Amino acid sequence: FIVTPTPGGSLFEQPTLPPPPPVIYPSARGRSGFLYGGQVLDFNAVDKMHWAGMDWVKWQIREGDTDALGKIQRGHGEGFKVLLTVIGAPGSVEDAGYHEQFAGYVASLAAGGADAIEIWNEPNLSRDWPAGKINPITYIQILKASYQAIKAANPNTLVISAANAATLVSKSLKTAYFWSETDFTTEFVQYGGLLYTDCVGVHYNIGISAPLNTDNSLTGDAAFWFLPRILQYYSDLTKNTRPVCITELGYLTDGGLDPLETVAPDFAWAKDTTLQDQAEWHALAAQIGLSNPLVEMIIVWNVDIYAYGADPHAGYAIVRQDGGCPTCDALHTLGLGN
């Protein structure tokens, strides 16, 4: 679940890609509603999630997870709809035969009742994609096969394209280890990726100020420090033909924990964010999503992941290690739940 920093790496010679065809935008699809939930590890804070108005639960899994159908059943049993983000085998992404294998697996999850499936995770980084092989054409091939298989198995399952990671660079940049979010998503649209998704996946877990704040002077991925800029970017990119599903939205704070500057210095940009900020900003972000027709889904990253080291998951958790959840209380006042 690493969210930042971006992997290092120097520039490398880019593979020659075929020129993109004229962009074909799909018929516009409006959002089905405003879907709100949280990503979990142990799923032990069900009451707090309901109190916060969450109707969805998300798990991130690997292809072949033997408990995937069990997760769907547990989520439904607790009154949630279930989103699964499914990561396949990075070393096999260039094998066309593997595309059908992966598609068959996610189709089995749709047949098993998954309400939404996100196809892969952050394919613009080499953490879940092979270094030197990053490009949207290969990803689209996997997405297309998966979309068609899922819809054949269960036409009601929402298919979400993989959210990218913001690299925070201010210009176009492609390396062996990452492509900027703006580079990857621009080519994703140019090569027809929107034709094979119901909702465009987005991650936003680098916020360091209230979600209405913005800075119009920033360019490229650097603009994505600010929620209004990332929402405007995807609105312009897709020409509003697809809503966005923010499958990770989180605010990092070391409140109640050891200082980020000593435990996770790469994340010290969040050292001034307080627990009160986390609660208030989540509530404001939810209000923005509720009122913005572009936003179909927000999944809080995260509810109950307590690892705290160089990648400080526990600092994002809204249910803190002492059992408190100021964010849940702030969200409760919005009345999001059914």
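A disulfide is a pair of cysteine sulfur atoms within 2.5 Å, and Cys-325 and Cys-328 form one, their sulfur atoms 2.0 Å apart. The structure above is a predicted model, so please read the values below as computed from that prediction.

**The chain as a whole**

- The protein chain has 10 helices and eight strands.
- Its radius of gyration is 19 Å, which agrees with the value near 20 Å that a compact globule of 338 residues would have.
- Along the principal axes, the C-alpha trace spans about 50 × 45 × 35 Å.
- Of the 338 residues, 57% count as buried.
- Among contacts between residues at least 6 apart in sequence, 75% join residues at least 24 apart.

**Disulfides**

- A search of the whole structure turns up two disulfides, and a disulfide is a covalent bond between the sulfur atoms of two cysteines.
- One of the two joins Cys-199 to Cys-245, with an S to S distance of 2.1 Å.
- Cys-199 sits in strand S6 and Cys-245 in strand S7 (residues 244-249), so this pair ties together parts that are 46 residues apart in sequence.
- The link of Cys-199 and Cys-245 is right-handed, with 110° about the S-S bond, and both cysteines are buried.
- The link of Cys-325 and Cys-328 is right-handed with 70° about the S-S bond, and both of these cysteines are buried.
- Counting bonded cysteines along the chain, the disulfides follow the pattern 1-2, 3-4.

**Aromatic rings**

- Rings of Phe, Tyr and Trp pair if their centres lie within 6.5 Å, and by this rule the count comes to 17 aromatic pairs.
- Tyr-139 and Phe-188 make a tilted pair, with 6.1 Å centre to centre and 40° between the planes.
- Tyr-139 belongs to helix H4 (residues 136-153) and Phe-188 to helix H5 (residues 181-190), so the pair ties together parts that are 49 residues apart in sequence.
- Both Tyr-139 and Phe-188 are buried.
- The ring centres of Trp-301 and Tyr-316 are 4.9 Å apart and their planes stand at 75°, so this pair is edge-to-face.
- Trp-301 lies in the loop between strand S8 (295-300) and helix H9 (313-316), while Tyr-316 is in helix H9, so the pair ties together parts that are 15 residues apart in sequence.
- Trp-301 counts as buried at 0% relative accessibility, and Tyr-316 is buried with a relative accessible area of 0%.
- Ring pairs also link Tyr-98, Phe-102, Trp-120, Trp-129, Tyr-139, Trp-179, Phe-184 and Phe-188 into a cluster.
- Trp-179, one of the cluster's members, has Lys-174 lying over its face, at 4.4 Å from the ring centre.

**Around Ser-209**

- Ser-209 is placed in the loop between strand S6 (199-204) and helix H6 (227-238).
- With a relative accessible area of 14%, Ser-209 falls under the 20% cut-off, so it is buried.
- The side chains of Ser-209 and Asn-213 are joined by a polar contact of 3.5 Å.
- Leaving aside residues up to four places away in sequence, Ser-209 touches Phe-226, Tyr-251 and Trp-281.

**Backbone details**

- Trp-301, which takes part in the edge-to-face pair with Tyr-316, is joined to Asn-302 by a cis peptide bond, with omega about 5°.
- Asn-302 is in the loop between S8 and H9.
- Lys-239 has a positive phi of about 55° although it is not a glycine.
- This lysine, Lys-239, lies in the loop between H6 and S7 and is exposed, with a relative accessible area of 54%.
- Asn-240 has a positive phi of about 60°, and it is not a glycine either.
- Asn-240 is found in the loop between H6 and S7 and counts as partly exposed, at 45% relative accessibility.

Methods
Residues numbered from 1 in each chain as written. Predicted model: local features only at pLDDT ≥ 70, side-chain atom pairs only at ≥ 80, totals over all residues. Heavy atoms only, no water. Helix = DSSP H or I, 4+ residues; strand = E, 2+ residues; numbered from the N terminus. Buried < 20%, exposed > 50% of the residue type's maximum accessible area, 1.4 Å probe, protein only. Polar contact = N/O pair within 3.5 Å; in protein donor to acceptor, adjacent residues only side chain to side chain. Contact = heavy atoms within 4.5 Å. Phe/Tyr/Trp six-rings, centres within 6.5 Å; stacked < 30°, edge-to-face > 60°. Lys NZ or Arg CZ within 6 Å of the ring centre and 35° of its normal. Rg over C-alpha atoms; globule rule 2.2 N^0.38 Å.
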